[in-house]
Amino acid sequence: MNRTKPKKFSVLNVETLIIALSVITLTSMAAPLANSQETNTLDSLTFQAFSQVANVYALGGQAPALVDELNKALSLLQESRVSQSSGNVTQATALESEARSLISDVLARAPSAAHQASVESSNKIIYTVATIPIIVAISTICFYAVLRSWSRYERAKLFELRIVEKENA
Amino acid sequence: MLNAPPPERFFAMWILGSNGLAEHYYPNDNPNITVNEPVNWTLNVYNHMPSLEYVVVRVKLLNSTMASPNETTGTPSPSSSLIEFTHVLISNQTWSFPFNWVMTNVITEARNITAVNELSINQASFKGDLAETKLGVNFRFVFELWFYDQNVDQLSFAWNVANTRESVWTQLWFNALAVSTA
């Protein structure tokens, strides 16, 4: 009886050890996986931010401030990767966080820039469409005025004509 | 109605030497680079696409036998990149950035194989079996230009122009002088 008890205890210990090791292994496996998923998410966010800014330009707008902010974020991400590879995890995390904040800001501001670009584009079309008949009307009036002036001048010249008789006759 | 011809769609990439011109790529114009000898280049990327572009320059350290990018098929080199530089470029804009590198550990192993084991690019350090050549000759940095393709939602190396694949890459060769371990 007394011999079995320590055996049971040791089996329990082994089980605990195995579970603990499994947890440690799984955690260590999950950490890089989580890290890579986080990187993928950040890449995806960056692409999303870029697509939204690109849309502003596609609508005929300009958003240099957003482009600069996105480039700043990309530069910070680059620095973060370098810090990560050199083992400076704290700095890498801080840089990544700053980049994430900039990307979020771009994502937040891009829709209003796109809306403004869209409105400006519509206004440009309306202005162009409205300008065409005005230009045509002005051109027609100018042409008509010149034509009238010319015909008056021709008529005036006709009235000024004098009949000159030959002296011999 | 007369329509203007569509603008030509392309990227361009080029490298300048230490003085910002297409010369003096190596210290003393000698492509035999020694350990701890800094080399300073400037990379330039030009966007002639009609749209805003997200470009990535992938830098690979290769030897002469490793596969280069293939312009005909529009496929990149299968080797993995050491470092990447990313930027967003508006249409008709040029992006310039420094590419300063120094080899910090180069060794010659058996059979005269010279290996670059440690390298620093823009003060970022890279360690491991980066590349090796016989006698240390014909190492090369290959620079591939990738861009974000919104249609496929990923980075692409080549784009289509009139049913042909277009891509941009460039390279610079050098020889590495090792500290012999034999």
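Predicted model: local features only at pLDDT ≥ 70, side-chain atom pairs only at ≥ 80, totals over all residues.
Okay, let's start with a quick check on a helix.

Staying with α2 of chain A, which of its residues are buried? They are A:L66, A:V67, A:L70, A:A73, A:L74, A:L76, A:L77, A:S80 and A:V82. Here's a handy bit of background: an α-helix has 3.6 residues a turn, so residues three or four places apart point the same way. Just past the end of α2, A:G87 takes a positive phi of about 90°.

Now, how far can we trust all this? For the complex, the predictor gives an ipTM of 0.88 and a pTM of 0.78. Chain B has an average pLDDT of 93, with 97% of its residues scoring at least 70. Chain A averages 84, and 82% of its residues score at least 70. Within chain A, our helix α2, residues 64-85, is where confidence is highest, at a mean of 94, while α1, residues 4-58, is where it is lowest, at 72.

On to the core. The largest nonpolar core has 56 residues, and A:V53 and A:L70 touch the most other members. What does A:V53 contact, leaving aside neighbours within four places in sequence? In chain A, that's A:A63, A:L66, A:V67, A:L70, A:V106 and A:A110, and across in chain B there's B:L52.

That brings us to where the chains meet. The contact takes 15 residues from chain A and 13 residues from chain B. On the chain A side, α1 and α2 each supply at least two residues. Sorted by type, that side of chain A has 10 nonpolar residues, five polar and no charged.

Last stop, a spot in chain B. B:A22 sits in the loop between β1 (11-16) and β2 (32-34). Is B:A22 buried or exposed? It has 10 other C-beta atoms within 10 Å, and 12 or fewer counts as exposed, so B:A22 is exposed. Leaving aside neighbours within four places in sequence, B:A22 is in contact with B:L16 and B:G17. As for B:N112, that residue is 90 residues away from B:A22 in sequence and 33 Å away in space, C-alpha to C-alpha.

Definitions and conventions. Residues numbered from 1 in each chain as written. Chains lettered and ligands numbered in written order. pLDDT = per-residue confidence, 0-100. Core = buried A, V, L, I, M, F, W, Y, C linked by C-beta atoms within 7 Å. Buried ≥ 20, exposed ≤ 12 C-beta atoms within 10 Å, placed from the backbone. Contact = placed C-beta atoms within 7 Å. Helix = DSSP H or I, 4+ residues; strand = E, 2+ residues; numbered from the N terminus. Nonpolar A, V, L, I, M, F, W, Y, C, P; charged D, E, K, R; others polar.
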